[in-house]
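Morning, everyone. I have one structure to show today, and I will keep the talk brisk. Please look at the screen.

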Amino acid sequence: MAQNNNAQGEMQLVVFDLASEFYGVDIGDVREIMRMQNVTRVPGTPAFMEGVINLRGKIVPVVDLRKRLELKVKAQTKESRIVVVDIGGKDVGVIVDGVTEVLRIPLGSVEPPSQMVANSDSGYLRGIAKLKDKLVILLDLSKVLATMGYESISGLKPEEFEIGNVIENVKNKMPVLAGV
Amino acid sequence: MKLNADISPEEWKVFLEETEEQIVMLDNDIVRMEKESDNVELMQEIFRAAHTIKGSSGMVGHTRMSELTHAMETLLDKLRNRQLEVSSHIVNALLFGLDALKALKQEVISQEESDLNIVPIVARLKELATAERGITAEVVAGQLVLSPSNLQEIKEALTHEYSIYKIKTGVPEDSAWAAIRFMQVLNELGRLGKVIASVPTALEIEQEKVNFKLEVIFSGLADVEMVRTEIKSVAEIQEVTIEHLTEESIFGKSVKAAPGSEEHKTDEQNQARTGTPKVHALANADSQALQSVRIDVKVLDNLMNIVEELVIDRSRISRVGKVLMAKYENDDIIRELGQTSNHIIKIINELQENIMKVRMVPISTIFSRFPRLVRDLAQKQGKKLDFNMYGSETELDRSIIEQIRDPLLHLLRNSIDHGVEAPDVRLKAGKTELASVRLEARQEQGNIVITLEDDGKGIDTAKLKEISLKKGLITPENAAGMSAADAVNLIFIPGLSTAEKTTDVSGRGVGMDIVRTNIDNLGGSIAIETILGKGTKFIVRLPLTVAIVQGLLISSAGDTYIIPLASVMETLTVARADIKTINQREVIRLRDSIVPIIGLEKVLGRSTKPTRLSEHNLVVVIKAGERLAGLVVDSLMERQEIVVKPLGNYLGDVEGISGATILSDGNVALILDASSLAKMMVRGGQDIEHLMAVD
């Protein structure tokens, strides 16, 4: 995964909002942020597969990140966005509640996941950035989407994936964070 | 000496090999040049050799070599353009330069600089090259002389009923833009027809070797006035005289045909006069050398993508155009917009056709591997084969070529493994020892037909039926009513194939279902003709291209889908009363066939409820291999040319869907895959399978 770090030990994040939490992904992985558009459903795919869209002539699959992370499903709003990310050379769109900002954060503000959860099988959590006004969960989207096998997702059981629980875990174990 | 240190030993090797090759060629050709100064091709070849060395020596940083070859090249350029006549002086100087070139090449081998001084040699070459200075003044006085290839071109033009004109024009003598004006004239003429020859030539004009007169031989359909108007549209152009040349005037007397015997004199007197300039097929010969370019496949795919985008926009423009035209019928601007958009659509069509052409690859790219493979296989099995291939120049879209290789290989292997008998068996059967296997590709209308024919033992359809019965793949009633021609197709039933290997009853059919699926996926078909004891023929039909197909737009449960027209048998409206049920499955009678029908949304798993049948149901009958199946849809929309795009690796294979396309409103629609839809329908209902296998 591209690390968009500069000499001062900073990283640049695209911060989006999902079920009232802030998530950040490395800006180097983000191809494009689009307004919601018509998504064509594809039969025979898991529920979190929203469908496919037309990205300037290319067919790009779109994942509903709320469903993928097993968060409460909510209707899309005007703020909803499709964040198109580069996953191992393939474009995949994820639907988020809204894109908040692009942030430059010092690396020092990031708690690595190993310190937060003992049994960290959650490779998709890169850590949590503690900023003045908020916490940003650093997500490795390539792992989130790869966990279900991005070569082919058909035939994957949704219960194999439980990042929603993992995040809950993280918060419970770290009262400091949970208190914010 | 100073040589480029960045060059790897391998690259030096390539450079040396190439240079050596060119020097050998020059050695021969420069000597020939003295006798064959009219040989246009020879002059081109010499020029190109010098040009090549100049380029490659420059690249490796051998300055002296590139300087020397540059001087040679300049002189040779003048010679091939007939701005100079070949003389013994020139040949001597060139040979001298060539010797120096050999010495310089030696430097590279020994990596030691020689004391060779190229300055006087270069100076001499330059001096000879500049002797043409006086020429341009004579150009106009001189007559336009046509080369044999020009004359050929004129002959061809005349057979197409084109008119041939000799055009003379000029610019004021104080014009600073003569070269530019002349180039514009040639461009204008190029739009009307073809410039066969001109004095000065296009190349000379480009190099600004012009005075104030221009003479052109032109062919085209345009009449004199049209030509005159076009030329006069260029600024500064003064009077234009146009002479309509008749066939006799060209081939009879008025235009002197080169090479005239008195034209080329290599004696010095003539040389000093710098002979009559001749216009010849320089541009032609030049472009021939550059006619093919290697292109990265990725670039090609990119281009294809861009064109696909345009094709999508084309539909959109045409739709919007129609709406606007209908709404503002009498508005001039809208009309103009309509015309422009029509023009753009035409251009996009042409672009699309051309790009498709570029993607065509001869089937020899896969055929060429077969003889070796056949030989090895036959040898291994002790079979004697006469293997022949025909039509390997037949062209197919690159993506099809890639996907047809394995199925063809499979068929070929089957032919040798099971079709063709061992020599002793053949002799006993009264056949020749040498078996014949024949592979042929040819184009038939919009299709490519590949046939594979052997004179082996054929397929025993009776045994095929027997096996299918035993395996429960067909019912006894099915078997009884099955003709031999139908029974052959049992070979494609998946369950049958795998067992074939061990029992080897008919001796065929290993993985035949996969072969058929692959061919189906390409939008093609496969048929078998067999005579027991005589041989078997496989006939594979493929579309020329898969990227763009004709599709039928339909809607089901609020979604738009596309069914490739190639898989659509017919569309019909079926009344509720005409729908029967067999084993709780809906079927309809279509002529002699019983066709199962089902709601599309149900096949695709979008709805689990039983298909709601109304009084009148829209049914699209699709054909997958030999099977027919009816899909109940909500509505039928237009037919459209659609661009097939892959769903991408992320989604992997989606059952029932072969790809997607972008509709004119920008939305994505899925393309249905008839063969996998048919399979999905069959699943969980063996009865249907039987019904369909029968028909």
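One definition before we start: the expected span of a helix is 1.5 Å times one less than its number of residues. Keep that in mind for a helix in chain B. And a caution: this is a predicted model.

Now take helix α4 of chain B, residues 88–110. α4(B) has 23 residues. From first C-alpha to last, α4(B) reaches 33 Å, close to the 33 Å expected at 1.5 Å a residue.

Which residues of α4(B) are buried? They are Ile90(B), Ala93(B), Leu94(B), Gly97(B), Leu98(B), Ala100(B), Leu101(B) and Leu104(B). Look at the numbering. An α-helix has 3.6 residues a turn, so residues three or four places apart point the same way. What do the buried residues of α4(B) pack against? Against α1, α3 and α5 of chain B.

Next, the helix pairs. Two packed helices are described by the angle between their axes and the distance between the axes. Start with α3(B) and α4(B). Their angle is about 160 degrees, and their axes are 10 Å apart. Angles over 145 degrees count as roughly antiparallel, so α3(B) and α4(B) are roughly antiparallel to each other. The crossing is left-handed. On the α3(B) side, the contact uses Arg64(B), Met65(B), Leu68(B), Thr69(B), Met72(B) and Leu75(B). On the α4(B) side, it uses Ile90(B), Leu94(B), Gly97(B), Ala100(B), Leu101(B) and Leu104(B). By class, that contact has nine nonpolar residues, two polar and one charged.

Now the other partner of α3(B). Helix α3, residues 63–80, packs with helix α5, residues 119–130, both in chain B. Here the angle is about 20 degrees and the axes are 9 Å apart. Under 35 degrees counts as roughly parallel, so α3(B) is roughly parallel to α5(B). This crossing is left-handed too. α3(B) brings Glu67(B), Leu68(B), Ala71(B), Met72(B), Thr74(B), Leu75(B) and Lys78(B). α5(B) brings Ile121(B), Val122(B), Leu125(B), Lys126(B), Leu128(B) and Ala129(B). The classes are nine nonpolar, one polar and three charged.

Ser37(B) sits between α1 (9–35) and α2 (40–60). Is Ser37(B) buried or exposed? Buried, because 24 other C-beta atoms lie within 10 Å. Ser37(B) and Ser87(B) are 50 residues apart along the chain, yet their C-alpha atoms are separated by 9.0 Å.

Now some backbone details to check on screen. Most residues other than glycine have a negative phi, and most peptide bonds are trans. Chain B has exceptions. The peptide bond from Val199(B) to Pro200(B) is cis, with omega near -5 degrees. Pro200(B) lies in the loop between β2 (193–199) and α9 (202–206). Glu236(B) has a positive phi, near 75 degrees. Its loop runs between α10 (224–232) and β4 (241–245). Glu236(B) counts as partly exposed, with 16 C-beta neighbours inside 10 Å. Arg591(B) also has a positive phi, near 50 degrees. Find Arg591(B) in the loop between β16 (585–590) and β17 (593–599). With 6 C-beta neighbours inside 10 Å, Arg591(B) counts as exposed.

Step back to whole chains. Chain B has 695 residues, and 38% of them are buried. Its secondary structure comes to 27 helices and 22 strands. Of its contacts with a separation of 6 or more, 71% join residues 24 or more positions apart.

Chain A has 180 residues, with 38% buried. It has five helices and 11 strands. For contacts between residues at least 6 apart in sequence, 57% join residues at least 24 apart. Leu135(A) is in strand β11, residues 135–139. Leu135(A) is partly exposed, with 18 other C-beta atoms within 10 Å.

Last, the interface. How many residues of chain B are in contact with chain A? The count is 26, and they meet 20 residues of chain A. On the chain B side, α14 (297–327), β21 (657–662) and β22 (668–672) each give two or more residues. α14(B) gives the most, with four. By class, that side has 12 nonpolar, eight polar and six charged residues.

Note on methods. Residues numbered from 1 in each chain as written. Chains lettered and ligands numbered in written order. Predicted model: local features only at pLDDT ≥ 70, side-chain atom pairs only at ≥ 80, totals over all residues. Contact = placed C-beta atoms within 7 Å. Nonpolar A, V, L, I, M, F, W, Y, C, P; charged D, E, K, R; others polar. Buried ≥ 20, exposed ≤ 12 C-beta atoms within 10 Å, placed from the backbone. Axes fitted to C-alpha atoms, helices over the stretch in contact; angles between N-to-C directions. Parallel < 35°, antiparallel > 145°, perpendicular 65-115°, else oblique. Left-handed = near helix turned anticlockwise from the far one by under 90°.
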